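Hi,

Here is the structure I said I would pass on to you.

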Amino acid sequence: MSKRETPLLPVSDAREAALFFVVGALCFLAALAALTTRGTYKAAEAWGAQIEGDITVVMRDTDRRTAEQAAERVTALASVFEARVLSREEVEALLEPSLGPGGMPDGLPVPMLMVVQADTSVGDPSPSIEGVLDDLSIDGDVAGNAGYAENVRGALGVLRLVALSIVALLSATAVAVIAFATHAALLARRDIVDVLHLSGAEDRYIAGLFERRFWILALQAGLGGSVAALMVTALIVFTGSGSAGVEAQLLPRLSLDFWDIVILLVTPLMAGLAARFAARLTVLASLKDTL
Amino acid sequence: MSRIRPDLSDEPAVRLDGVSLTYERTGEVLSEIDLVLKQGSFTFLTGPSGAGKSSLLKLMYLAHAPTRGGIRLFGRQTYDLKRKQLAALRRRIGVVFQEFRLLDHLTAFENVALPLRVAGQKPDSYENEVIDLLRWVGLGERIDTPTPSLSGGEQQRVSIARALINKPELLIADEPTGNVDPEMGQKILRLFAELNKRVGTTILIATHDLDLIREFDAPVLRLSDGLLARDTALGAAT
Ligand SMILES: Nc1ncnc2c1ncn2[C@@H]1O[C@H](COP(=O)(O)OP(=O)(O)OP(=O)(O)O)[C@@H](O)[C@H]1O
Ligand SMILES: [Mg+2]
């Protein structure tokens, strides 16, 4: 025999289909915003750390021997991974954009360039490098990227703020939409709510009916939105992974790791909780005025 | 079940003191009504259509608040009830609505079981009780039928079964025999009388059916122009 427990709130297809779509779309946007923000963040952070560790040393009026000597001593510093003097070809390649092809005129003095990979976690090696240059009586400049990296970090802070605002805005929209829908459902189902009341149902019980209804709806819609976001992300990862070079480095690096999966799972859960919360508040508030 | 104090047994089940009701659109429907229904009493309420019978009953089953005056149920003043107390009080009252108010998407069984269900009971615990009651009102063949497929009289019997399933201390019935044949009408009223005698259920029935009233030896209240009077011409004097 049947369970004889038909849900007390009848399903109203048209209205709930629209609501399903709206909540699903909100979750899709929220998940996508979270995923791309995380991707951009990861890429920018890696890039920032990299340029921060890059130090260029220009040495004038020096022969290659002395320069190599300096590089050796710089490499020996605790906060340096590696130091290397660029070959003449490498320097020419670097200068090509300003001098044109064909290399440097032979008589021109070419500065020696040393690139240093610093371990910034230990400390800024610039003063020590300058010390090495002084020791060897080399006239040179040490140019780091610390200031530039600072800018990147500042931009990341803004990015994080923007992403959080987007997610907060989408959540608030979801709550408002559900509250609105609950109110509409409550009005449309006034007859049922009245009979339940007169049959001795407590407000909590009636709120529970709406809570359960919208919790399940939002959970399903949120899952749909998440799956759509997952598919879009997968598409970007697959089509984007082919391109290499600078653009690939600067584009948000989307990949699906553990935390991305967490985001995709948490999004529908948040939507469901927001829906419960909105439904409960709306029902309890509007029942308060009835007898 | 939670009970609301005080519940002194000599307190009347219903007591109205100077109760008036004014609807926004229609104006004053009830004026200065004083009324006492003792516990275990059986009373008819009659009067012309539009006199305010249903409105008076609505005040008693707490669907409306009076514009003026006080209503006490089981000795408890009702104007200052907390939400939970309101629900608890309503569970002690069974109501047969004039317009049935069945839930269309539920079956006869589920409609009858509603008061038990909202009180948190599970179908296993009330299944037999509900089926017995449905059989008794002649709906043994319609247990799992959705209520919109039932005739008017059948729907009325479902609503009567729903009012009784909770074993209420106070039964308020608004035209409970309006849609059934005289035979079924008598059967229903005899059940009410039996409940009244055996269990001591306080019963108030609003009806137009004077023939039915004559068959029972019970006081009759007459409502007209918003005023209440005890009618001695009808029914046996008490
Ligand atoms: N919710 C309401 N809002 C406004 N006016 C109402 C409302 N309910 C009832 N009335 C009016 O109050 C008056 C009394 O109505 P009520 O239903 O109490 O009469 P009744 O005695 O039960 O009539 P009947 O015998 O036809 O059932 C009527 O004039 C009706 O139009
Ligand atoms: Mg009426």
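**The sheet in chain B**

Chain B has an open sheet of 4 strands, in the order β2-β1-β4-β5 with antiparallel pairing. Its edge strands are β2 (27-37) and β5 (76-77) of chain B, and each of them pairs on one side only. Strands of a sheet pair through backbone hydrogen bonds, either parallel or antiparallel.

Before you go on, please keep in mind that this is a predicted model: local features need pLDDT of at least 70, side-chain atom pairs count only at pLDDT 80 or more, and totals for chains, interfaces and linings use all residues. Residues are numbered from 1 along each chain as its sequence is written, chains are lettered from A and ligands numbered from 1 in the order in which they are written, and side-chain values use heavy atoms, with hydrogens and water left out.

Back in the chain B sheet, strand β1 (residues 14-23) and strand β4 (residues 68-73) of chain B pair in the antiparallel sense over 5 bridges.

**A glutamine in chain B**

B:Q155 sits in helix α5 (residues 152-164) of chain B. Its side chain reaches the backbone oxygen of B:T147 at 3.1 Å. Leaving out residues up to four places away in sequence, B:Q155 touches B:F100, B:L102, B:T147, B:P148 and B:L150, where contact means heavy atoms within 4.5 Å.

**The sheet in chain A**

Chain A has an open sheet of 4 strands too, ordered β2-β3-β1-β4 with antiparallel pairing. Here β2 (80-85) and β4 (139-143) of chain A are the edge strands, each pairing on one side only. From one strand to the next, the twist averages 20 degrees. Helix α2 (residues 64-75) of chain A packs on this sheet and touches β1, β2 and β3 (112-118) of chain A; its direction makes about 175 degrees with that of β2(A). For these angles, axes are lines fitted to C-alpha atoms, for helices over the stretch in contact, and the values run from 0 to 180 degrees between N-to-C directions.

Strand β1 (residues 54-60) of chain A pairs with β4(A) in the antiparallel sense over 5 bridges, and A:V57 stands opposite A:V142 in β4(A). A:R60 also forms a salt bridge with A:D141, with the closest N and O atoms 3.0 Å apart. That pair links distant parts of the chain, A:R60 in strand β1 and A:D141 in strand β4 of chain A, 81 residues apart. A salt bridge here is a side-chain nitrogen of Lys or Arg within 4 Å of a carboxyl oxygen of Asp or Glu.

**Where the chains meet**

How many residues does each chain bring to the contact? Chain A gives 25 residues and chain B gives 30 residues. Between chain A and chain B there are 5 salt bridges. One to look up joins the side chains of A:D203 and B:R83 (2.6 Å, N to O). On the side of chain A that touches chain B, the elements giving two or more residues are α6 (190-198) and α7 (203-240) of chain A. Of the elements, α6(A) gives the most to that side, with 6 residues.

Cheers

How values were computed. Pairing = 2+ DSSP bridges. Polar contact = N/O pair within 3.5 Å; in protein donor to acceptor, adjacent residues only side chain to side chain.
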